[in-house]
Amino acid sequence: MMSICEVKNKKRNMAAGALLAVILYLLLFYGSSEGSVRVSFLGGAREVGGSCQMVDTGRSLFLVDCGVFGNAGRDVLPEEPGALSFVLLTHAHTDHCGLLPDLFEAGFSGKVYCTPATARLVPVVLRMSRSFSRDKVSKESFDRALGSIVPVEFDDELIVDEVRIVFRRAGHLLGAAFMEIDIQTGIDSFRIVFSGDVGSGGSVLLAGLEQCHQADWVIIESTYGGKVRDPLPKDPFERHSVFINAVGEALRRGGDVLIPAFTMGRTQEITAALHLGLHHGAIPSGTLIYSDSPTAKKITTIYRESRMEFSKYILDLFGGRLLSPPGLREVKSATSMKVHSRSHEPSIFISSSGDMNYANSPRHLMRMFDREENLLCLVGWQSPGSVGRRLARGETPVLVRHREGRKLEKDWINPAIEILSVSSFSSHADQDQLVSWLAGIVGIDRVFLVHGEMDNAEPLQGRIRDELGLNVEIPRPGESFECDSSELVRKKTVIENAKE
Ligand SMILES: [Zn+2]
């Protein structure tokens, strides 16, 4: 049995040992030249698009996303692309991956890591945007960009240059991920989370956004950081009932339905929602659905082959018939125009572009704008000045440019067609969803808001500060932030001590 004196001595020895350990720990840490991490906001700062952040760990230099912003071209690329070790992509929208060929043209020669579905979608969208681009990248650079993409499964651990990366589901688009990046700094580890684009929970097809549990720094999008939407019903049929019922009603009164939709993501979500409508009898059975974009067809095939990303609800409901509703006809544009020009049963036409500025959707409009039985459903973002934006605002007359054969024609129209704008397909989280996702993350030292204009970023910044008490930055384009690792270790030590 120990005497009181022995117990006191033992306690004193333990305390001395702990103190020595802390001193050694701090000496080791402060003695190390490593330990700082710098994040530079090259693109997507105070703006939507051109997403591009550079991380410098001292041992490794890499990019998170490499996106196009309007005509910004190569401005967002780092000065010395040849010095980069690798690139990580959150998802396949061009404002996150569109400058990849330019990066290779400018001297980058490393690997590009992303999820398997993103690895399949990126070549499709890059080829599509290359056909529109005036600033041509050499074929060699373009091919090298596509040949350097390496797929990494969700939840697997990727280790490059002692950086550990895990892709988690973001629920924004097939393959879309947020990333947990663990960087060894001295003897501690520092976690940066890049949200990419955060899903709204409105997808008919995809499993939702996963919760991130721990991070030191969080770089999060703020596209709709200033908006609060009415909460969406959980049931996908109910969630899209305004859209589905309007389509059903138009068909029953003998009208055609035109749904202009972007080829990646929106076309597939619309197809699945129409399938739900047919399944529940809200859309008449036997209705033919024409989808006439060759790019959409390629992307739909990739969706069909990526079942592991889909929600249990939709897999249980449609199983092997996923994205193949009865009546779906994936046709060439000439075929769908032929159908639309002659007498036919009331039908649905899903056609690009989503804002009706080019491709087939303006051609369909010219075949149906003058009948009030017909319905035009606007299901996505309408770019400023576009035909879709003007129609949504009820402007009349509206100038429509449409290509018929080789001729580009221009017509002023006074639309009699019913026009409906639907917001239930939005693929970005609103303010409530962004704040609640952040609230689930433990240990945050700093938050950075990107991918949002100031009128959305500022209200979100205020709410995060007020409700979560976090330090929130809205970086300027080109601005860099360095993690003061010694300060971070001190904070962590204080937290650990407080726990004990
Ligand atoms: Zn996106």
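The structure is a predicted model, in which local features need pLDDT of at least 70 and side-chain atom pairs count only at pLDDT 80 or more, while totals for chains, interfaces and linings use all residues. Residues are numbered from 1 along each chain as its sequence is written.

The chain holds 16 helices and 22 strands, where helices (H or I, at least four residues) and strands (E, at least two) are DSSP runs, numbered from the N terminus. Of its 500 residues, 46% count as buried; a residue is buried if 20 or more other C-beta atoms lie within 10 Å of its own, exposed if 12 or fewer, and partly exposed in between, with C-beta atoms placed from the backbone. Two residues are in contact if their C-beta atoms, placed from the backbone, lie within 7 Å. Among the contacts with a separation of 6 or more, 76% are accounted for by residues 24 or more positions apart.

Helix α14, residues 431–439, shows how burial can be arranged around a helix. Its buried residues are Gln433, Leu434, Trp437 and Leu438, and because they cover an arc of only 130° around the axis, they are on the same side of α14. The arc is that of the directions from the helix axis to the C-beta atoms. An α-helix has 3.6 residues a turn, so residues three or four places apart point the same way. What covers the buried residues of α14 includes the strands β11 (217–221) and β20 (446–450) and the helix α15 (454–468).

α14 passes α15 in a right-handed crossing, since a crossing is left-handed if the near helix is turned anticlockwise from the far one by less than a right angle, and right-handed if clockwise. From α14 the contact is made by Gln431, Leu434, Val435, Leu438 and Ala439, and from α15 by Pro459, Leu460, Arg463, Ile464, Glu467 and Leu468. These residues divide into 8 nonpolar, 1 polar and 2 charged, where Ala, Val, Leu, Ile, Met, Phe, Trp, Tyr, Cys and Pro count as nonpolar, Asp, Glu, Lys and Arg as charged, and the others, Gly among them, as polar.

A second pair is formed by α8 (residues 266–279) and α9 (residues 294–304), whose axes come within 9 Å and cross at roughly 65°. α8 and α9 are therefore roughly perpendicular to each other, and α8 passes α9 in a right-handed crossing. On the α8 side the contact is made by Thr267, Gln268 and Thr271, and on the α9 side by Ala296, Ile299, Thr300 and Tyr303. The residues of this contact divide into 3 nonpolar, 4 polar and no charged.

Some loops contain backbone details to look for. Asp155, in the loop between β6 (149–151) and β7 (158–160), is not a glycine either, yet has a positive phi of about 70°; Asp155 is exposed, with 11 other C-beta atoms within 10 Å. Another cis peptide bond joins Thr396 and Pro397, with omega about -5°, and Pro397 is in the loop between α13 (387–392) and β17 (398–404).

Two valines complete the picture. Val76 is in the loop between β3 (61–64) and β4, and is buried, with 28 other C-beta atoms within 10 Å. Not counting residues up to four places away in sequence, Val76 touches Leu42, Gly43, Gly50, Cys52, Phe69 and Leu99. Val87 lies in strand β4, residues 86–88, and with 26 C-beta neighbours inside 10 Å it counts as buried. Val87 and Ile149 are 62 residues apart in sequence, while their C-alpha atoms are 9.3 Å apart in space.

Key:
Axes fitted to C-alpha atoms, helices over the stretch in contact; angles between N-to-C directions. Parallel < 35°, antiparallel > 145°, perpendicular 65-115°, else oblique.
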